[in-house]
Amino acid sequence: MKTSAYWLASTLALCTIATSALAAEDNHIQKLVGKVCSACHGSGGNSISPSFPKLAGQRASYLVAQLTSFRDRTRSDKDAQDAMWGWSRSLSDQDIKDLAAYYEAQKPMSGIPMPEALVKRGQQVFENGLASTNIPACATCHGGNAEGKDNIPQLAGQHAAYLMKQLKVFRTAGLRPAAVAMHSIVAGLTDEDMEAVAAYLQSK
Amino acid sequence: MIKYQHQTLIQKLQILAVFGIASLLSLNANAVPSYARQTGANCISCHVSFPELTPFGRYFKLTGYTLGQRSLFPVAIMAQVGETSTRTPRDKTGATVVTNDDSIRLSAASLFLAGKASDNIGAFIQWTYDNGDPRHSNIDNVDIRGSWQLTLADKEVILGVTLHNNPTVQDVWNSTPAFGFPYTSSPDAIGIPFSTMIDGGLGQLVAGTGAYAYWDRSIYGELSFYRTADGAFSSLRAGIPQADRVKLDGENPYWRFAYNKEWGPHSLMLGTYGMHVGIYSDPHDNSSPINKFTDTALDAQYQYITDPHVLTAQATWIHEKQQWNDNALTGTNASDTLNTLKGKLTYYYQRKYGATLGAFSTTGSRDAELYADSPVGSPNTSGYIAELDYLPTQNIRLMLQYTGFWKYWGASSNIDGNGRHASANNSLFLNLWFAF
């Protein structure tokens with residue numbers, strides 16, 4: 001009994017001392033990022049798993065809009081319902097602004113090489129659109145380097161699997177009401193077109 | 001209470017209907033387990049399918065179940081209703097070997113107190129009613145944690161302490177025994193007869209206190225000590241019958257080291273764990289001889305998680321050295337060895353439709369007294385488990401599990417000295433498992 005009590009007490013004390021001495025996360029947003037967001041979105045917003053989007057360097061206005069729509073439950077794709085509705089429910093407007101500013105300031109990791117032929121085709125669609133189905137060039141809104149602008153997200157370096165999933169989400173009207181334009185655009189894209197564009201963007 | 005012998009088809013359908021409606025009502029009440037209520041995230045954030053953890057589920061556990069908002073009533077319930085059909089439920093003399101065969105039964109129900117207590121402390125406490133023979137209820141798995149996070153040389157470090165009552169229940173990889181495959185099995189079927197001490201031999205009988213560190217989601221280390229769950233720790237074995245209790249010799253060490261790597265949708269863990277434990281041969285006599293067990297294990301886990309495809313695999317090998325000092329065991333070897341090897345491969349589509357294939361093998365030294373039920377005094381048993389799962393919602397699982405034996409009690413035929421084949425113990429288990 002005594003040994004167990006000493007063992008438990010000493011390890012508790014050790015953890016407390018270590019965290020007191022070394023932890024610098026006394027800022028609310030730093031804590032939120034470090035303990036909650038980074039669990040899925042990775043350190044500094046560079047997520048490892050393609051199930052979760054990279055947030056590093058993302059446009060703050062876009063992040064504010066998305067976090068707000070998660071919290072308000074107006075963005076209702078399955079992943080939003082499964083995870084972000086819950087994680088955003090207690091965020092204040094200020095938290096959302098601060099989180100967005102934090103992630104916009106982070107340095108995105110460079111893209112991941114993808115098959116050359118796929119990248120080439122994706123680049124063609126991204127930069128020139130598809131005349132056959134009247135699809136405008138993605139670069140028109142997302143920028144020549146897929147850097148995004150204001151509410152238009154940066155796409156360069158994003159996980160291809162995440163981009164594919166979102167492009168398919170856009171096919172269903174109303175799941176992402178803030179992106180109405182994308183609903184009509186993806187109607188003219190085949191799965192192969194989407195894969196090519198997603199590969200090109202991941203490689204950037 | 002519920003006991004179903006010689007049920008008619010109509011009676012079985014009535015029982016299934018009652019539990020089916022109960023499950024659906026739970027959904028209408030927006031009822032999900034307490035961690036999901038705490039985080040606002042759905043079950044699949046933490047589980048491939050319960051209880052197998054995703055990388056985020058491991059993170060949630062290691063950070064002490066503290067993510068999310070504290071709830072005033074962090075409770076959840078779980079129940080299982082199933083039917084077992086054994087290939088040959090009677091032996092060659094006509095005697096019943098498997099009771100409750102071909103009957104739908106409530107096999108178990110659990111109440112959980114599970115949630116965040118503060119920003120650094122959380123708990124998983126399970127109380128289970130077992131509808132077996134005899135029916136009883138007792139404390140089940142307990143894991144109370146304190147956790148702290150810090151940044152060291154730009155790398156994340158999670159430090160934690162744990163108080164628990166079952167070796168490996170505190171572990172976050174499902175290759176270790178406590179939350180290893182099969183995640184549930186028939187309470188009525190003939191199961192795997194022998195396992196090592198670290199594989200359930202001390203569950204709900206001991207108090208474990210430990211400390212762990214997880215560096216950069218890459219290197220994990222833990223050191224725990226186990227002692228008898230008495231005195232201030234007696235609640236960790238609450239409800240366990242006196243006859244089932246054990247007394248440990250002082251503090252007994254447990255170790256765990258793991259290397260974890262995550263890349264893209266993949267995660268891989270390679271690890272080792274083990275313990276050394278001394279157990280009094282007479283739990284009421286502190287001067288009685290102490291039998292000693294040293295378990296050394298290797299384990300590995302791989303997960304590929306995307307939408308809609310999920311592939312996971314786990315395996316573990318446990319080697320146990322047993323030193324028998326009990327004078328009462330006059331015919332037992334002075335020492336024995338017992339080895340278990342288990343592995344499984346799971347595929348899920350849309351986290352709804354799953355299939356798992358697993359295999360198990362137990363081998364060990366022959367010991368006529370220790371394995372008196374075996375005609376050849378051997379623990380050697382091997383076989384496979386094939387399972388199909390359907391999860392209409394994230395908290396309901398309908399499963400069909402087939403367990404087949406290649407070898408049982410050291411033989412593939414004449415396993416009972418009466419001409420019974422090992423495969424006569426094969427069983428099919430249809431189970432409805434839900435939590436809310």
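Which residues does Ala114(B) touch, not counting residues up to four places away in sequence? I found Ser34(B), Tyr35(B), Tyr65(B), Pro74(B), Ala76(B), Ala123(B), Phe124(B) and Ile125(B). I count a contact when two C-beta atoms, placed from the backbone, lie within 7 Å.

**Ground rules.** This is a predicted model: local features need pLDDT of at least 70, side-chain atom pairs count only at pLDDT 80 or more, and totals for chains, interfaces and linings use all residues. Residues are numbered from 1 along each chain as its sequence is written, while chains are lettered from A and ligands numbered from 1 in the order in which they are written.

**Chain A overall.** I looked up its secondary structure and got 10 helices and 0 strands. Helices (H or I, at least four residues) and strands (E, at least two) are DSSP runs, numbered from the N terminus. Of the 204 residues of chain A, 37% are buried. Buried means that 20 or more other C-beta atoms lie within 10 Å of the residue's own; exposed means 12 or fewer, and partly exposed is in between, with C-beta atoms placed from the backbone. I also checked contacts in chain A with a separation of 6 or more: 68% of them join residues 24 or more positions apart.

**Helix H5 of chain A.** H5(A) covers residues 93–105, 13 residues in all. Its first and last C-alpha atoms are 19 Å apart, close to the 18 Å expected at 1.5 Å a residue. The expected span is 1.5 Å times one less than the number of residues. Its buried residues are Ile96(A), Leu99(A), Ala100(A), Tyr102(A) and Tyr103(A). Seen down the helix axis, they fall within an arc of 160°, so they line one face of H5(A). The arc is that of the directions from the axis to the C-beta atoms. On the face turned away from the buried side I noted the exposed residues Asp93(A), Gln94(A) and Ala105(A). The buried residues of H5(A) pack against helix H2 (28–41) and helix H3 (60–71) of chain A.

**Helix H3 of chain A.** I turned to H3(A) next. Its 12 residues should span 16 Å at 1.5 Å a residue, and its end C-alpha atoms are 16 Å apart, which agrees. Buried here are Leu63(A), Ala65(A), Gln66(A), Leu67(A), Ser69(A), Phe70(A) and Arg71(A). Their cover includes helix H4 (78–88) and H5 of chain A. After H3(A) comes Arg73(A), with a positive phi near 60°.

**Core.** A nonpolar core is a set of buried Ala, Val, Leu, Ile, Met, Phe, Trp, Tyr and Cys residues joined through C-beta atoms within 7 Å. The largest has 81 residues. Leu99(A), Tyr103(A), Ala114(B), Val206(B), Tyr226(B) and Val277(B) have the most contacts inside it. Strand E11 (residues 266–280) of chain B gives the largest share of this core, 6 residues.

**Where the chains meet.** The contact takes 36 residues from chain B and 32 residues from chain A. On the chain B side, E6(B) gives the most, with 6 residues.

**Strand E8 of chain B.** I found 8 of the 10 residues of E8(B) buried. E7(B) and E8(B) run antiparallel, joined by 8 bridges. Strands pair if DSSP finds at least two bridges between them. Val161(B) stands opposite Ala211(B) in E8(B). E8(B) is also joined to E9(B), antiparallel, by 10 bridges. In the hairpin of E8(B) and E9(B), 3 residues lie between the strands, and Asp216(B) takes a positive phi near 55°.
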